[in-house]
Amino acid sequence: MTSDLQIFSTELAEPCPYYLGEEIEAQLPAVLAPFECDRCFLVTSRPLYERMGRGLAQRLRQAGLPLRVILVGDGEREKNWRSLRRLGEALVAGGATKDSLVLALGGGALGNLVGLAAALLYRGVRFVEIPTTLMALTDSTLSNKQAINGRRGKNLFGSYHAPVLIWGDVAYARSEPERQRRAGVVEGIKNLLITGESITDTQPLLDAWQSRDLLRLTRCLIDSKLPILRADPSERASAIILEYGHTFGHAIEWLCQGALFHGEAISIGLCLAAELSNSLGCASDEFVREHYELLGDALGTPTRLPAEITPRVLLETMQRDNKRSRKGLGYLLLVDWGQFLNPSGDRQTKVDDELVLKVLSQLTSPPSPRLKSAR
Ligand SMILES: NC(=O)c1ccc[n+]([C@@H]2O[C@H](COP(=O)([O-])OP(=O)(O)OC[C@H]3O[C@@H](n4cnc5c(N)ncnc54)[C@H](O)[C@@H]3O)[C@@H](O)[C@H]2O)c1
């Protein structure tokens, strides 16, 4: 069903327009035309090319765009130096110049890879994000942070590079598997935990999830993030609160090597952050329970640390977290809805490693009565 085009700004330090709608592909050539590129590269993966890339490429060529297609590997495991080098070299071999335009058609991992390649090529060429997952439509593209993983951890090498525009056609995300789409809602729940006043604030988002109206859900998730970016367009100050649950979550995602989706790992990370805050006497039992209710019960994403990940290995992996500073590893911890510990500082709290290990050990042992109902 074709929808009207909604246009709004990302409101970041380098803002760009976000075009959102459903089955809006026919309007893309006219939006790209003013960019006057000598060459246009559509970068996507083989499965996504077969699914929607071929039709898109045909439409863009018919409109006169000098389009070439570059196929890359996709997903978390391909967000690495090898893929970055291959893509960079393929762009150069394909004749890219400072006046070229690179289109990234894919999920958050592919968008991050292409965004970083575009940032590095000739010290920056123009790129367009065309997200194909709910996570990319509503979260990764709303950030100018581009990164790849290193041998020892997630998002270790990166840069800030803004797309010239985001083309959010939710029709592309229709083929996303249910489990993956569900994981795409987690960051929205997190956004409400860090800005909301009570669990009732999450009802519109959960209603949008239940409605199966993908456009409405997408807009609801976007609207949960934009105010946080508006307060810190640089993404270097207060927007750090977006990383709530990510110190645990990124390490879990890294250790699972693709077995869990990004949102699933973050779902577990959010519950662990709440438990850690509770063990420090900060978050109430009720607030912790609300994490499990929202993520485990209402949304159905995992909330328990996988048994294969030992607390010590998780802690070692977290020590390489990209937020770590000379002060060591800090945790973003909530006391209650929208209330961080250490709000006037960098919002991060130093916690003794032994306490972290103790909390993690309790949570990987047989379920406590509170956890039994929370999966
Ligand atoms: N820069 C940021 O601020 C930011 C924010 C959030 C997430 N991220 C990154 O985004 C990544 C997660 O993104 P994701 O959740 O989109 O997953 P993903 O990009 O890893 O994609 C997962 C899988 O879904 C497939 N896929 C993509 N679109 C599809 C479709 N329409 N139909 C069927 N399959 C499809 C992909 O080919 C891939 O195999 C992580 O690497 C995460 O670090 C970055």
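**Salt bridges, domain interface and ligand surroundings**

A salt bridge joins Arg-46 to Glu-50, with the closest N and O atoms 3.6 Å apart. Because these two residues stand four positions apart in helix α2, which spans residues 46–62, about one helical turn separates Arg-46 from Glu-50. The model in which this pair is found is a predicted one, and a search of the whole structure gives 18 salt bridges.

The protein is divided into two parts, with domain 1 covering residues 6–175 and domain 2 covering residues 178–372. The C-alpha centres of domain 1 and domain 2 are 27 Å apart, and contact between the domains involves 35 residues of domain 1 and 31 residues of domain 2. The size of an interface is often given as the accessible area lost when the parts come together. For domain 1 and domain 2 the buried area is about 3,100 Å², with 60% of it coming from carbon and sulfur atoms. On the side of domain 1, the residues that lose the most area to domain 2 are Glu-11, Leu-134 and Lys-154, which together account for 20% of what that side buries.

Polar and charged pairs also link the two domains. Between domain 1 and domain 2 there are four salt bridges, and twelve residue pairs, both members at pLDDT 80 or more, are in polar contact across the interface. The elements of domain 1 that each supply at least two residues to the side touching domain 2 are β1 (6–9), β2 (17–21), α5 (134–138), β7 (145–150) and β8 (153–160). Of the elements on this side, β8 gives the most, contributing five residues. Sorted by class, the side of domain 1 that touches domain 2 consists of 13 nonpolar, twelve polar and ten charged residues. A salt bridge is also formed by the side chains of Asp-139 and Lys-225, at an N to O distance of 3.1 Å.

The ligand is surrounded by 27 residues, of which Asp-74, Glu-76, Thr-132, Thr-133 and Lys-154 are the closest. In the side chain of Thr-133, an N or O atom is 2.6 Å from an oxygen atom of the ligand.

Definitions and conventions
Residues are numbered from 1 along each chain as its sequence is written. This is a predicted model: local features need pLDDT of at least 70, side-chain atom pairs count only at pLDDT 80 or more; totals for chains, interfaces and linings use all residues. Side-chain values use heavy atoms; hydrogens and water are left out. Domain bounds come from an automatic or database domain assignment. Contact means heavy atoms within 4.5 Å. Buried area is the accessible area (1.4 Å probe) that two parts lose on being put together, summed over both. A polar contact is a pair of N or O atoms within 3.5 Å; within protein, one must be able to donate a hydrogen and the other to accept it, and residues adjacent in sequence count only if both atoms are side-chain atoms. Ala, Val, Leu, Ile, Met, Phe, Trp, Tyr, Cys and Pro count as nonpolar, Asp, Glu, Lys and Arg as charged, and the others, Gly among them, as polar. A residue is near a molecule or strand if one of its heavy atoms lies within 4 Å of it.
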